[in-house]
Amino acid sequence: MRLTRFTDVALRVLMRLAVAEDTEAPTTREVAATMRVPYTHAAKVVARLQHLGLLDARRGRGGGLTLTSAGRSASIGSLVRELEGPEEVVECEGDTPCPLRSACRLRGALRGAQEAFYAALDPITVPDLVTSPTGPLLLGIGSGPPPD
């Protein structure tokens with residue numbers, strides 16, 4: 001199974017904010033630069049995470065991004081489920097439907113494997129992802145210009 005770029009960036013944004021707790025709240029532009037992702041992509045991710053109640057975004061002087069208590073306690077498994085959506089690992093019904101779809105055991109096996117993947121992530125929270133050595137590394141990453 002492969003995560004979308006959107007989900008990958010969302011997890012990295014949450015991780016970056018988790019280590020920013022004791023420092024000044026970074027802006028979307030700063031997080032994009034630190035994580036080396038295009039600002040426009042980071043802005044879409046931030047908007048979605050804000051909609052999900054996982055972070056607060058304040059504009060202007062003294063503004064920036066901060067994790068909410070929900071963001072600090074959210075299960076990575078449930079977050080990945082939400083961001084990835086209900087897509088299955090294989091496309092059985094597409095433009096050229098699979099001739100085995102009515103009696104296929106592979107589809108069920110892959111669905112079970114996908115759920116096992118999410119279940120393995122369920123007990124993990126964002127703070128779990130930023131324990132040493134990851135947290136200190138995140139704080140030490142320089143913020144060059146984000147890619148366009």
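Leu-83 sits in helix H5, residues 76-84. Helices here are DSSP runs of H or I with at least four residues, strands are E runs of at least two, and both are numbered from the N terminus. This is a predicted model, where local features need pLDDT of at least 70 and side-chain atom pairs count only at pLDDT 80 or more, while totals for chains, interfaces and linings use all residues. Residues are numbered from 1 along each chain as its sequence is written, and side-chain values use heavy atoms, with hydrogens and water left out.

Back to Leu-83. Its relative accessible area is 10%, so Leu-83 is buried (under 20% is buried, over 50% exposed, in between partly exposed, with a 1.4 Å probe and protein chains only). Leaving aside residues up to four places away in sequence, Leu-83 touches Phe-6, Thr-7, Ala-10, Arg-48 and Leu-52; contact means heavy atoms within 4.5 Å. Val-45 lies 38 residues from Leu-83 along the chain, and their C-alpha atoms are 9.8 Å apart.

Next, what H5 packs against. Its partner is helix H6, residues 106-121, at an angle of about 135 degrees and with the axes 6 Å apart. Axes are lines fitted to C-alpha atoms, for helices over the stretch in contact, and angles run from 0 to 180 degrees between N-to-C directions. H5 is therefore oblique to H6 (under 35 degrees is roughly parallel, over 145 roughly antiparallel, 65 to 115 roughly perpendicular, the rest oblique). On the H5 side, Ile-76, Gly-77, Val-80, Arg-81 and Glu-84 meet Glu-115, Tyr-118, Ala-119 and Leu-121 of H6. By class that contact has five nonpolar, one polar and three charged residues. Ala, Val, Leu, Ile, Met, Phe, Trp, Tyr, Cys and Pro count as nonpolar, Asp, Glu, Lys and Arg as charged, and the others, Gly among them, as polar.

The other helix pair is H2, residues 28-35, with H3, residues 39-51; their axes come within 9 Å and cross at roughly 120 degrees. That angle makes H2 oblique to H3. Thr-28, Arg-29 and Ala-32 of H2 meet Tyr-39, Ala-42, Ala-43 and Val-46 of H3. This contact divides into five nonpolar, one polar and one charged residues.
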